[in-house]
Amino acid sequence: MKAVLQVVTHATVRVDGGITGQIGPGLLVFLGVAEEDEQADLDKIVKKVTELRIFKDDAGKTNLSLQDVNGELLVVSQFTLLADCKKGRRPSFVKAGNPQKAEEMYEEFIRVCKEKVPKVEHGVFGADMKVELLNDGPFTIVLDSKEL
């Protein structure tokens with residue numbers, strides 16, 4: 001499982017012109033599910049997303065987690081994070097989980113995050129989404145459950 005975390009002052013995701021998710025200060029997470037991912041992968045990513053100390057404290061140091069700052073979370077599915085670009089000019093997505101499994105894990109990720117974070121919004125799995133954000137910092141981190 002791969003996740004791209006972006007600290008944002010606000011973020012919005014739209015599908016067919018309508019807002020499906022919108023947050024204020026917090027994290028925008030793009031989430032990609034690999035075919036071999038299991039519950040343990042999901043648990044690792046949830047823990048890092050909710051507990052990683054990447055928000056500034058009163059002294060300006062990155063000492064606080066999403067939970068510490070009562071930050072909001074916007075989760076957007078993005079299978080393209082699993083792209084393999086080793087050969088040729090066209091990426092291969094064979095490492096991405098089959099859509100049914102990936103959607104189940106995406107929904108489970110959102111459900112578990114809602115147990116830890118007061119406000120969790122999300123996009124629509126498999127939809128053509130338009131994402132707007134104001135990256136704060138910029139501060140962006142890439143997580144891979146196989147490397148955690």
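**Helix packing and a buried strand**

Trainee: How does α1 pass α2?
Mentor: The crossing of α1 over α2 is right-handed, meaning that the near helix is turned clockwise from the far one by less than a right angle. This is a predicted model, in which local features need pLDDT of at least 70 and side-chain atom pairs count only at pLDDT 80 or more, while totals for chains, interfaces and linings use all residues. Residues are numbered from 1 along each chain as its sequence is written, and side-chain values use heavy atoms, with hydrogens and water left out.

Trainee: At what angle do α1 and α2 pack, and how far apart are their axes?
Mentor: Helix α1 (residues 39-51) and helix α2 (residues 99-116) pack at about 40°, with axes 10 Å apart. The two are therefore oblique to each other (angles under 35 degrees count as roughly parallel, over 145 as roughly antiparallel, 65 to 115 as roughly perpendicular and the rest as oblique).

Trainee: Which residues meet there?
Mentor: Gln39, Leu42, Ile45, Val46, Val49 and Thr50 in α1 meet Met105, Glu108, Phe109, Val112, Cys113 and Lys116 in α2 (contact means heavy atoms within 4.5 Å). By class, this contact has 8 nonpolar, 2 polar and 2 charged residues.

Trainee: Turning to β6, how many of its residues are buried?
Mentor: In strand β6 (residues 72-77), 6 of the 6 residues are buried, so the strand is largely enclosed by the rest of the structure (buried means under 20% relative accessible area, with a 1.4 Å probe and protein chains only). Glu72, Leu74 and Val76 point one way, and Leu73, Val75 and Ser77 the other.

Trainee: Which strands are joined to β6 by bridges?
Mentor: Strand β3 (residues 26-32) runs parallel to β6, joined by 6 bridges, and Leu28 stands opposite Leu74. Strand β7 (residues 120-122) is also parallel to β6, with 3 bridges, and Val120 is the bridge partner of Leu73.

Methods
Axes are lines fitted to C-alpha atoms, for helices over the stretch in contact, and angles run from 0 to 180 degrees between N-to-C directions. Helices (H or I, at least four residues) and strands (E, at least two) are DSSP runs, numbered from the N terminus. Ala, Val, Leu, Ile, Met, Phe, Trp, Tyr, Cys and Pro count as nonpolar, Asp, Glu, Lys and Arg as charged, and the others, Gly among them, as polar. Buried means under 20% relative accessible area, exposed over 50%, partly exposed in between (1.4 Å probe, protein chains only). Two strands pair if DSSP finds at least two bridges between them.
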